[in-house]
Amino acid sequence: MKNKKMGILAVLVMLVAVTLSSVGGTYAKYISSYGTTDTARVARWDFTETTTQTVDDLFKQSYSNVDGVYVASADGDKVIAPGTSGEYEYAAQGTAETNFKVVKTLKITNGVKLENGYDPLEFSLNGTDWVKADDITAVADKTVYAANENATVGGKIYWKWVFEGNSDVLDTELGKKAVAEDLKIKVEIGTVIEQTEEAPTTTGNRLYAIFTNKVAPADLADAATIGYDASKANTVFTGTSIEGTVKEYTDNTLKKWFGADLVTDNYFQALSFTIPAGTELFNTSAPDSATKAAVISAKTSADEVTGTVILNLSKSKNPIKFELRKADGPVVKEYVISTADLTFE
């Protein structure tokens, strides 16, 4: 009987050992985890038409000279006649973060002709060289720009129906024919800008600043010499805003660099800026004393210049503004960086 009890006890001890082993395996094991987090934004497509004229400037309802109106439509339609002329200029300016293609087009549908082929109208793209419509319809210019290049594109067209030098008889015949028929001229002129994967055909004329918070280690080391502490800013620059958290700290060297009497909030952020040759970058939201000189200058450089700019952030969350200016002074582009989503600690 005793041996039987001992056998049962031994079985129970073994069950307990197995159970403990199972439980222990639940709470003790090797674990390795791998992964990353990344974000991206949509590439910018930033073009603006800068045409100052309207389409009405090419053909008109009436024409005047120093003596007054000498051609006028009776029904409000646009008209042309011997002695009339016109011009039209169109333009667009901008850039994109992709390669883009510019296609300038011109198409003229000319119905102002007689059966014998007489055509009194002349056209020009420069105001000097004049040709007939049939000789200008094939004009097309294609250019491919690299991502972040600045493009100013457009064109101009001139037309005229001379008062002297053509056949008075044939001009009169056209006028008589117009009583029974609509003899019309149609001009289609413009620019199409589209994204492309084609290689650039330009030599490079980017007038666009590139911002990033991926500051080179050597530049961070230089910034540290004037008191910048990168560990205080846990932020991300999205391209249009600074988001995340930034801690307050005071460094006398950094305050002196900004101007101790001008710094109200001791929150700092370093960004890297690349600007093209022949330009300068100004922080226009900085105190006046800090805007007397460019924060980065490539004014006399033959190549683009990259530099680090330390921003003094405000708890009032005012946006930070920069201007990219050409060496001779004109503003090329204004940039506004929002700090509305920043958290200050």
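Is Glu115 buried or exposed in this predicted model? Glu115 is exposed, since its relative accessible area is 67%, where exposed stands for over 50% relative accessible area, buried for under 20%, and partly exposed for values in between (1.4 Å probe, protein chains only). The structure is a predicted model, in which local features need pLDDT of at least 70 and side-chain atom pairs count only at pLDDT 80 or more, while totals for chains, interfaces and linings use all residues. Residues are numbered from 1 along each chain as its sequence is written, and side-chain values use heavy atoms, with hydrogens and water left out.

The partner of Glu115 is Lys177, and the side chains of these two residues meet in a salt bridge with an N to O distance of 2.8 Å; a salt bridge is taken here as a side-chain nitrogen of Lys or Arg within 4 Å of a carboxyl oxygen of Asp or Glu. Side chains of opposite charge can pair when their charged atoms come close. Glu115 lies in the loop between E5 and strand E6 (122-124) and Lys177 lies in helix H2, so the pair ties together parts that are 62 residues apart in sequence; helices (H or I, at least four residues) and strands (E, at least two) are DSSP runs, numbered from the N terminus. In contrast to the exposed Glu115, Lys177 counts as buried, at 17% relative accessibility.

In total, the structure holds 6 salt bridges. In another of them, the side chains of Lys101 and Glu194 meet at 4.0 Å, N to O, and this pair links distant parts of the chain, with Lys101 in strand E5 (residues 100-110) and Glu194 in strand E9, 93 residues apart. Lys101 counts as buried at 14% relative accessibility, whereas Glu194 counts as partly exposed at 36%. A further salt bridge joins the side chains of Glu323 and Arg325 (3.0 Å, N to O), of which Glu323 is buried, with a relative accessible area of 17%, and Arg325 is partly exposed, with a relative accessible area of 23%. Salt bridges that share partners also join Lys101, Glu194 and Glu198 into one network.

Glu323 also has a place in the pairing of strands, for it stands opposite Glu334 in E18. Strands E17 and E18 run antiparallel and are joined by 6 bridges, two strands being counted as paired if DSSP finds at least two bridges between them. E17 and E18 form a hairpin with 4 residues between them, and Gly329 in the turn has a positive phi of about 115 degrees. The two strands belong to an open sheet of 4 strands in the order E15-E14-E17-E18, with antiparallel pairing; its edge strands, each of which pairs on one side only, are strand E15 (296-297) and strand E18 (331-337). Within this sheet, strand E14 (residues 279-283) and strand E17 (residues 320-326) run antiparallel and are joined by 5 bridges, and Asn283 stands opposite Phe322 in E17.

The pockets were found on a 1 Å grid over the protein atoms alone, a pocket being an open set of points with protein on both sides within 12 Å along at least five of seven lines, and its lining residues having an atom within 4 Å of a point. The largest pocket has a volume of about 960 Å³, a volume being the space filled by probe spheres set on the points, which are joined across faces, edges and corners. This pocket is lined by 38 residues, of which Phe59, Lys78, Val79, Ile80 and Ile185 lie nearest its centre. The elements that give two or more residues to this lining are strand E3 (68-72), strand E4 (84-96), helix H2 (168-180) and strand E9 (185-195), and the largest share, 8 residues, comes from E9. The lining divides into 23 nonpolar, 5 polar and 10 charged residues, where Ala, Val, Leu, Ile, Met, Phe, Trp, Tyr, Cys and Pro count as nonpolar, Asp, Glu, Lys and Arg as charged, and the others, Gly among them, as polar.

The second largest pocket has a volume of about 780 Å³, and of the 26 residues that line it, the closest to its centre are Arg41, Phe211, Phe237, Thr238 and Gly239. Strand E10 (210-212), strand E11 (233-237) and E18 each give two or more residues to this lining, with E18 giving the most, 5 residues.

Notes. 1 Å grid on protein atoms, 1.4 Å probe; cavity = no way out; pocket = protein on both sides within 12 Å on 5 of 7 lines; lining within 4 Å.
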